[in-house]
Amino acid sequence: MDEKIHEECGVFGVWAPGRDVARLTYFALRALQHRGQESAGIAVGNGSTVLVRKDLGLVTQVFTDSDLSAMPGKVACGHCRYGTAGAKGWESAQPHLSVVDDVVLALAHNGTLVNFEALRRELIEMGIPFRSNTDSEVAAKLIGYFTQRAGRLRSGIAHTMRMLEGGYAMVLVRENALYAFRDPHGIRPLVLGRLGDDGWVVASETCALDIVGATLVREIEPGEIVRVSDDGIRSERGRVPGARANCIFEHVYFSRPDSVVRGSSFYLMRHNMGRRLARETPVDADLVISVPDSGTPAAEGFAQELGIPFGTGLIKNRYVARTFIQPTQELRQMGVRLKLNALPDVVRGKRLVMVDDSIVRGTTSRQIVRMLKAAGATEVHVRSASPMVAWPCFYGIDTGSQDQLIAAQMSLDEIRAHIEADSVGFLSVEGLLACVPEDGYCTACFTGDYPVEIPRSWWEERFLPGREPNNLEAASEASRTPLAEVPVE
Ligand code: SF4
C-alpha cells in the first residue's frame with residue numbers, strides 16, 4: 001500500500017476553432033500528469049463525429065506525434081487517471097464513449113459517485129449494457145438515457161446531475177460542442193479559462209491553463225453547466241448548489257504548487273501551513289528537511305518561522321512512481337530507497353525536523369526515519385503539514401477504508417513510537433483552515449463530517465467498528481427516485 005493518498009484523475013477540455021486541439025489537450029494532460037499516471041486519453045470532435053485515443057500508461061507513452069496529427073477538430077477533452085482497485089483495465093481508461101441517437105459523446109470524469117452502484121443496477125435492469133464497473137460509465141450511460149428522453153443533451157446532463165451524489169468534475173464533448181459541469185458542493189475542482197479571442201478551456205487546475213497559454217477566468221460554480229459551441233459560451237444551473245465543500249486536500253497535497261485557487265497559489269498556502277505548524281508544534285533542532293517534493297513548501301515555512309536552517313537531507317529519484325509492496329522487510333526498505341535516499345553529509349550529527357505534507361498510512365515514515373538515523377542524524381522530529389487523516393474519502397480519492405489510516409488506529413504517542421521518531425506533530429484542522437482562502441471546505445478525512453451522505457451499506461466494510469460517519473446532508477429526494485419515474489422536461 002502506497003503511503004500517499006492519491007487524486008484519482010485530471011480532466012481538461014478545449015474549444016478552439018482553427019487550433020490543434022489534440023496537441024493542446026496533450027500538453028495540458030502532461031501538466032496534469034501528477035493527478036493520474038495509469039491511463040490517459042483524448043477525444044476530439046471534428047464537426048461530424050468524435051474520435052478517441054486512450055490507453056494505459058503515462059501521457060507520453062499513450063500518444064505519438066502521428067496519433068495527435070490524426071485527430072483534427074475544434075473541440076476536445078482529455079483525461080489522465082489514477083486507477084483504483086478493480087478498475088485498472090483499458091475499459092476503465094477515459095474519455096468514455098457513448099452513442100445517443102447517432103451522436104457520439106465522450107466523457108472525462110474526476111471524482112466518485114457514492115450512489116453509482118444503485119444507479120448501475122437500475123440501468124442494467126432497463127437493458128442498458130456496461131463495459132466496465134466504473135462510476136464514470138454510469139454517468140455516461142445516465143446522460144445518454146436522459147438525453148434520449150429529453151431530446152436535448154443539455155437537459156440530459158441536468159437531469160443526470162440531479163441523480164448523481166458525490167464529488168465530480170466532468171468534461172464532455174460531442175462533434176460540435178464542449179460541456180463542463182461540477183457537483184453541487186464543488187468538491188472536485190474545475191476552472192474556466194480563455195484562450196485567445198474565441199477559445200475556451202476548462203481544467204482541473206490552472207497549471208493546465210498556463211501550459212496552453214490560456215488565462216484564468218473563474219471557477220466553474222458548484223452545480224453549474226457550461227456549454228461552448230459556435231453560438232458562444234452559455235452557463236446554466238444543472239442542480240441547485242449545496243453548502244460549498246471544496247476538497248481541502250487539494251490545498252495540502254494534490255494540486256501542483258504553481259496552480260492557483262481564489263487568488264492564491266498552492267505553494268504559498270503550503271508555505272503558510274508550514275509556518276503555522278511550526279507555531280503549533282515547535283521543536284529545538286539544527287536543521288529542517290523535507291520529504292521531497294511535496295513536503296518542501298511547508299518545510300521552508302517551518303524553518304523560516306523558527307529561524308532554523310532549511311537543507312536537503314533526502315534525495316528523490318524522480319523516475320519511480322510508486323513504492324512497491326514487498327513481502328519482506330529487506331525488500332520493503334529497498335522499495336523506499338528506490339524513491340528516496342538520505343544525504344549523510346548533510347544530516348550526520350544533526351537534530352533534524354523532517355516535514356512531510358501528510359502522514360496517511362505511516363508505511364514509509366518509519367523507514368525514512370530509520371534511513372536518516374542510519375545516515376547519522378542524532379534526532380528525527382517528524383511533522384505533518386496536514387491534520388491527522390482518520391477518516392476515508394469517498395469523493396474521488398483512494399482511501400478505501402478506515403483500517404488503512406494510521407491516525408484512525410493510534411494515538412499521537414503511539415504513532416511516534418510506531419514510526420520511531422523522537423517526536424511527531426500534526427497541523428490542527430483550525431490551523432489548516434486559517435491557511436486557505438475564505439471558507440467552504442470538505443474536511444471529512446480529518447473530522448468524519450461528510451458533506452454528501454455516505455450510503456449505510458458502506459458503513460460496515462469501510463469504517464472501523466463503532467466509528468460512524470457524520471453525514472452533513474442527506475441524499476436528495478430526486479436522486480432516490482427510480483429512473484423511470486423521473487419527470488423529464
Ligand atoms: S474527504 Fe478529504 S480528500 Fe476527500 S474530498 Fe473531503 S477533504 Fe478531500
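Both Phe-394 and Tyr-450 are buried, where buried means under 20% relative accessible area, exposed over 50%, and partly exposed in between, using a 1.4 Å probe and protein chains only. This is a predicted model, in which local features need pLDDT of at least 70, side-chain atom pairs count only at pLDDT 80 or more, and totals for chains, interfaces and linings use all residues. Residues are numbered from 1 along each chain as its sequence is written, and side-chain values use heavy atoms, with hydrogens and water left out.

**Aromatic rings**

The whole structure holds twelve aromatic pairs. Rings of Phe, Tyr and Trp (its six-membered ring) pair if their centres lie within 6.5 Å; planes under 30 degrees apart count as stacked, over 60 as edge-to-face and the rest as tilted. The ring centres of Phe-394 and Tyr-450 are 5.8 Å apart and the planes meet at 45 degrees, so this pair is tilted. Phe-394 is in the loop between strand 21 and helix 14, while Tyr-450 is in strand 24 (residues 449–450), so the pair ties together parts that are 56 residues apart in sequence. Helices (H or I, at least four residues) and strands (E, at least two) are DSSP runs, numbered from the N terminus.

One aromatic cluster is formed by Trp-391, Phe-394, Tyr-395, Tyr-450, Trp-458 and Phe-463. Charges also meet rings. A charge sits over a ring if NZ of Lys or CZ of Arg is within 6 Å of the ring centre and within 35 degrees of the ring normal.

| Charged residue | Ring | Distance from ring centre |
|---|---|---|
| Lys-141 | Phe-130 | 4.8 Å |
| Arg-462 | Trp-458 | 4.4 Å |

UniProt, in an unreviewed entry, places the feature "binding site" at Cys-247, Cys-393, Cys-442 and Cys-445. These residues span 199 residues in sequence, yet no two of their C-alpha atoms are more than 10.1 Å apart, so they gather at one spot. UniProt positions are given in the numbering used here, feature names are shortened, and annotations may be inferred rather than shown by experiment.

Cys-393 is placed in the loop between strand 21 (379–384) and helix 14 (406–409). Cys-393 is buried, at 14% relative accessible area. Cys-445 belongs to helix 17 (residues 444–447). Cys-445 is buried too, at 13% relative accessibility. Leaving aside residues up to four places away in sequence, Cys-445 touches Phe-249, Met-388, Val-389, Ala-390 and Trp-391. Contact means heavy atoms within 4.5 Å.

**Cys-9**

The "active site" feature in UniProt, again from an unreviewed entry, is at Cys-9. Cys-9 lies in strand 1 (residues 9–15). Its relative accessibility is 5%, so Cys-9 counts as buried. Beyond residues up to four places away in sequence, its contacts include Arg-35, His-79, Cys-80 and Arg-81. His-109, Asn-110 and Ser-204 also touch Cys-9.

Helix 5 (residues 135–150) has 16 residues. From first C-alpha to last it reaches 22 Å, close to the 22 Å expected at 1.5 Å a residue; the expected span is 1.5 Å times one less than the number of residues. Of its 16 residues, 13 are buried, so helix 5 is largely enclosed by the rest of the structure. Gly-151 follows helix 5, with a positive phi near 85 degrees.

Pro-129 is in the loop between helix 4 (116–125) and helix 5. Is Pro-129 buried or exposed? At 60% relative accessibility, Pro-129 counts as exposed. Pro-129 touches Glu-137 and Lys-141, not counting residues up to four places away in sequence.
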